[in-house]
Amino acid sequence: MNIASIGTKTAAPEAPRTSALMRTRKGPICTPIRVLGYGAEGVGKSTFAAGAPSPIWLGAEGGTVKLDVERLPEPETWDEAMAALSDVRNDAHAFKTLVLDPLGWLEPLCWKKVTPSGDLEKVPYGKGFEVAMVHWRQMIDLVSRIWTEREMNVVVLAHAAMRKHPNPVGPTWPQWMPALDTRAGGAWAQWVDHVLFMQVETVAVKGEGQDKRTLGQTTGLRIAHAAPSGGWIAKSRGLPESFPLSWTSMVEALEGAAARTAELRAELTALLEGMPEDYAAKARALAAQPTASMEEIVNKVRTKKESMK
């Protein structure tokens, strides 16, 4: 007997690893909403976020003074902002939506984390913006954990700024973008599922009589644009090109899109019955892509099947 083994426990053998291919998941996954909304002051960005379920605010209090919402203490430093987000992640609470409002207010805190003056241009070798992006990515990672672990909606708001849209093959043009350093704004836009440009609807009206100028006139209707255009950046997975600016309208649009997608997937399954297997496999692979247009795929398969009759 090995004396050294007396009184010690033998380690249990490790369970054999199961192949990832045996643990796959199929079909859409229902997740909380992640949205970045930006627009001019007073368009209704905060009111939009206030319509979300049980929101908790992190940011400047000035934009929500007339809203009956819960607010975290307004942070004075980047570390305080990160600590507040950690509390949302780790502490017990019943909030269902996290609102960051606005990102442009958090940006100076980030820059002062990099250098006390907050002037990143004075950091040698252009490293200031690189370090700032490290802090922004840490915040996005923390917010992402809140989104997944606490199953909270995330609403990120920003003011709008008119900037030159880069065009590598021709002239640039002005375009509305979030009023934030483009690197940070791009990182947030990449993380969310929806980027909405919010504005009061404006129509072109021609002058009468001797005044032939074309002028812009607002209709008073507040609109959220979810599709990109030459005038603004936007994106969405499931929203129409534009819709009335309210949380309820957005959710109804998403639910309608989900129901329509389910109908189209069922129709696609029926259409592919009896089709050549290689063609059916390609159609299924296309339909599985996150950015797939189910309407387009079903129309093509329908046309193909009719041509085979």
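A salt bridge here is a side-chain nitrogen of Lys or Arg within 4 Å of a carboxyl oxygen of Asp or Glu. The legends below refer to a predicted model.

**View 1. Salt bridge between E295 and R260.** E295 and R260 form a salt bridge in which the closest N and O atoms are 3.0 Å apart. E295 belongs to helix 8 (residues 294-307) and R260 to helix 6 (residues 247-272), so the pair ties together parts that lie 35 residues apart in sequence.

**View 2. Salt bridge between E267 and R302.** The side chains of E267 and R302 also meet in a salt bridge, at 2.5 Å from N to O. This pair links distant parts of the chain, with E267 in helix 6 and R302 in helix 8, 35 residues apart. E267 has a relative accessible area of 26% and is partly exposed. R302 is partly exposed too, with a value of 28%.

View 3. K300 and E296 are joined by a salt bridge, the N to O distance being 3.3 Å. The two residues are 4 apart in helix 8, which means that about one helical turn separates them. K300 is exposed, with a relative accessible area of 54%, while E296 counts as partly exposed at 43%.

**View 4. Network of salt bridges around R89, D141, R145 and E149.** These residues, R89, D141, R145 and E149, are linked to one another in a network of salt bridges. The structure as a whole holds 12 salt bridges.

**View 5. E107, a buried acidic residue without a salt bridge.** E107 is found in helix 3, which covers residues 103-114. E107 is buried but has no salt bridge; R163, the nearest side chain of opposite charge, is 6.3 Å away. A polar atom of the E107 side chain lies 2.8 Å from the backbone nitrogen of D181. Apart from neighbours within four places in sequence, E107 is in contact with W136, L180 and D181.

View 6. Strand 2 (residues 55-59) is mostly covered, with 5 of its 5 residues buried. In a regular strand, side chains alternate between the two faces of the sheet. In strand 2, P55, W57 and G59 point one way and I56 and L58 the other way, and all are buried. Strand 2 pairs with strand 4 (residues 97-101) in the parallel sense over 5 bridges. T97 in strand 4 is the bridge partner of P55. Strand 2 also runs parallel to strand 3 (residues 70-71), to which 2 bridges join it. R71 in strand 3 stands opposite W57.

**View 7. The start of the chain and the confidence of the model.** Over residues 1-6 the pLDDT stays under 50, and the model has 1 contact beyond four places in sequence for this stretch. For the protein overall, the mean pLDDT is 85, and 85% of the residues reach 70 or more.

Note on methods
Residues numbered from 1 in each chain as written. Predicted model: local features only at pLDDT ≥ 70, side-chain atom pairs only at ≥ 80, totals over all residues. Heavy atoms only, no water. pLDDT = per-residue confidence, 0-100. Contact = heavy atoms within 4.5 Å. Buried < 20%, exposed > 50% of the residue type's maximum accessible area, 1.4 Å probe, protein only. Lys, Arg positive; Asp, Glu negative; His and termini not counted. Polar contact = N/O pair within 3.5 Å; in protein donor to acceptor, adjacent residues only side chain to side chain. Pairing = 2+ DSSP bridges.
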